[in-house]
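Student: I have a structure open and would like to go through it with you. Can we take it piece by piece?

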Amino acid sequence: MGRSFEGEDPLTAALAPPPNETPAEREIRERTECEAKRVSDEIDAQLRRERENEKKRKPVKLLLLGQSESGKTATLKSESSCFRRLTFQLLYCKRQWSEERTSWRCVILLNLVRNINDILDILGREMAAANTPPPRRQSTSIGSPNTSGVPLLKFKDKHRLLRLRLAPLRRVQSDLEQRLGAAATELYMTSATSAAPFDNAAFPSRREREFSVHSTNGWKTALERFRVARRRSGESGVLRRVRDMEDEVQGVIAGCREDMRSVWEDRVVREMLSRRKARVEDSAGFFLNDLDRIARTDYQITDDDIIRARLRTVGVQEYRVTFEHGHSAGSEWRMYDVGDLVPVRLSLRSSCSSISCATRYFDDCDAIIFLAPVSCFDEKLAEDRRVNRLEDSYMLWKSVCGCKLLARTQLVLFLNKCDLLQAKLMRGTKVRDSVPSFGDRRNDVATATRYFQQHFKEILRTYSPVQRPFYVHLTSVIDTKSTAVTLGAVEESILRDHLRRADLM
Ligand SMILES: Nc1nc2c(ncn2[C@@H]2O[C@H](COP(=O)(O)OP(=O)(O)OP(=O)(O)O)[C@@H](O)[C@H]2O)c(=O)[nH]1
Ligand SMILES: [Mg+2]
């Protein structure tokens, strides 16, 4: 009896076994079909793999944002210094990292010398004020019994002598600035209007001078020059002069070690700093407690020193990394350390892509790590003493959350500098004195960070154009081990999102 194909679709009909099929023919047919299916599955799997690889080939874009000194560059240094990944291409392969270490030595020496010169500046002013007879005194100097009832600081000849003996450090500071400036850096002026939360022409512009790396003329350029110099001239010429100068600087600093220690450990100097509420220990790039190790001609730089070194970033520094291992294997990451916040603040505020070059970094950005230094709850911006640093972080976070261009971007908040917060609270500083809404809550790190965290969370909920998860980590990014763990978790979640986004495209 013939088969009727009426009502059947032609493909089913074509694939149907022939009528009157013998058992032998059937076995051959089934074997052939089985093989065809295996080949087809293999092709499907291969296509899937290629699609995945294609998605991975699109670089993951990660932005580091936060106010100045929040720890953006330290986060990157922490990531690279412990070589979590075996392949740090471009900037952070091992050889390049070791070359970069040499350049960081100058930064650390500069930080150390600046620590002591800053103290000597204060000392000079206080000594001058103490020598001024009371009726002619211009200001109400600290320690004046006439104005505050606090006994005058008793400066001695020893202080005068120390200032004289440490005078060569002024020259060392300017030499180091020259040295770094000639290779890679330039002096940069910041102003209140460029760094206040929303620049306002009404703010008085207190100009500050701080050392900086410029994006177009940064470490990468500096190191490249060194490599070229070494290749061309071996140990001669420019390189030798640089080495001689470094040796000389290191020699002067080593020669001043005991005097620097005398200043730093002096009871009167400590009292002077305490009365001025100048917590030099909490300032960025503080190395005075490491004098014995650093102020030596045979100083061996450590990764920890590099993480703690302070050098202001200006502009946007791009770091490219291709991972070979782990869940990010095969993917390229582009990380942007956004040092200069002026364009960022402007573009966040405007949300208009034509206004600022910073939006180019926002475009297609997978994730932002936003660093908020929580130990700064009682500090003011260096750029504008009227703006509380925590408030400034809230403002910037609010702008990031509310930015339409970033609506699809994963936001990861680092409540950073928890180690400094802990030390500050242990010293007895009360959160509620600077943050009245904190009220009578317990004055400990857990309670304070929970409180700050809640505030950041509410801002995200209120201002985000679309609802998105709140990822938060308590960090002390100079602690490379724990930072590596945190970054590992963050990286995994960013990559998951990145692949999901690629699927949607
Ligand atoms: N104790 C402590 N110091 C930190 C921490 N994070 C950063 N620092 C230090 O704070 C200083 C400033 O950190 P940077 O990474 O230079 O800050 P930044 O955000 O890159 O600042 P800009 O380049 O001005 O935008 C450096 O000396 C760091 O070593 C932290 O969690 N704990
Ligand atoms: Mg920086």
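Predicted model: local features only at pLDDT ≥ 70, side-chain atom pairs only at ≥ 80, totals over all residues.

Student: Overall make-up, then. How many helices and strands are there in the protein?

Tutor: The protein has 20 helices and nine strands. It has 505 residues, of which 32% count as buried.

Student: And among contacts between residues at least 6 apart in sequence, what percentage join residues at least 24 apart?

Tutor: That figure is 76%.

Student: Let's look at α19. What length does it reach, and what would be expected?

Tutor: Helix α19 covers residues 445–463, 19 residues in total. From first C-alpha to last it reaches 27 Å, close to the 27 Å expected at 1.5 Å a residue.

Student: Which residues of α19 are buried?

Tutor: A448, F452, F456, I459 and L460. Seen down the axis of α19, these buried residues fall within an arc of 110°, so they line one face of the helix.

Student: Why would residues three or four places apart point the same way in an α-helix?

Tutor: Because an α-helix has 3.6 residues a turn.

Student: Which residues are exposed on the other side of α19?

Tutor: A446, Q454, E458, R461 and T462 are exposed there.

Student: And what covers the buried residues of α19?

Tutor: The cover includes two strands, β7 (367–373) and β8 (410–416). It also includes the helices α16 (389–402), α17 (418–426) and α18 (431–434).

Student: Stay with α16. What span should it have, and how far apart are its end C-alpha atoms?

Tutor: α16 has 14 residues, which should span 20 Å at 1.5 Å a residue. Its end C-alpha atoms are 20 Å apart, so the two agree.

Student: Which of its residues are buried?

Tutor: In α16 the buried residues are R389, L390, D392, S393, L396, W397, S399, V400 and C401.

Student: New topic: ligand 1. How many residues surround it, and which are the closest?

Tutor: Ligand 1 is surrounded by 23 residues, and the closest are G71, T73, A74, A284 and T313. By type, the shell divides into six nonpolar, 10 polar and seven charged residues.

Student: Which elements supply at least two residues of that shell?

Tutor: α3 (72–81), α13 (303–308), β4 (312–314) and α17 each do. The largest share, three residues, comes from α3.

Student: And which domains does the shell draw on?

Tutor: At least three residues come from each of domain 1 (58–87 + 323–504) and domain 2 (100–134 + 148–308).

Student: Back to the backbone. What is phi of E69?

Tutor: Phi of E69 is near 70°, a positive value in a residue other than glycine. E69 sits in the loop between β1 (60–65) and α3.

Student: Is E69 buried or exposed?

Tutor: E69 is buried, because 22 other C-beta atoms lie within 10 Å, and the cut-off for buried is 20 or more.

Student: What about K277, what is its phi?

Tutor: Phi of K277 is near 55°, again positive in a residue other than glycine. K277 lies in the loop between α11 (267–275) and α12 (291–294). K277 is exposed, with 6 other C-beta atoms within 10 Å.

Student: Last one: where is A484?

Tutor: A484 lies in helix α20, residues 480–504. With 15 C-beta neighbours inside 10 Å, A484 counts as partly exposed.

Student: How far is A484 from T22?

Tutor: A484 and T22 are 67 Å apart, C-alpha to C-alpha, and 462 residues apart in sequence.

Note on methods. Residues numbered from 1 in each chain as written. Chains lettered and ligands numbered in written order. Helix = DSSP H or I, 4+ residues; strand = E, 2+ residues; numbered from the N terminus. Expected span 1.5 Å × (residues − 1). Buried ≥ 20, exposed ≤ 12 C-beta atoms within 10 Å, placed from the backbone. Arc of directions from axis to C-beta. Contact = placed C-beta atoms within 7 Å. Near = placed C-beta within 6 Å. Nonpolar A, V, L, I, M, F, W, Y, C, P; charged D, E, K, R; others polar. Domains from an automatic or database assignment.
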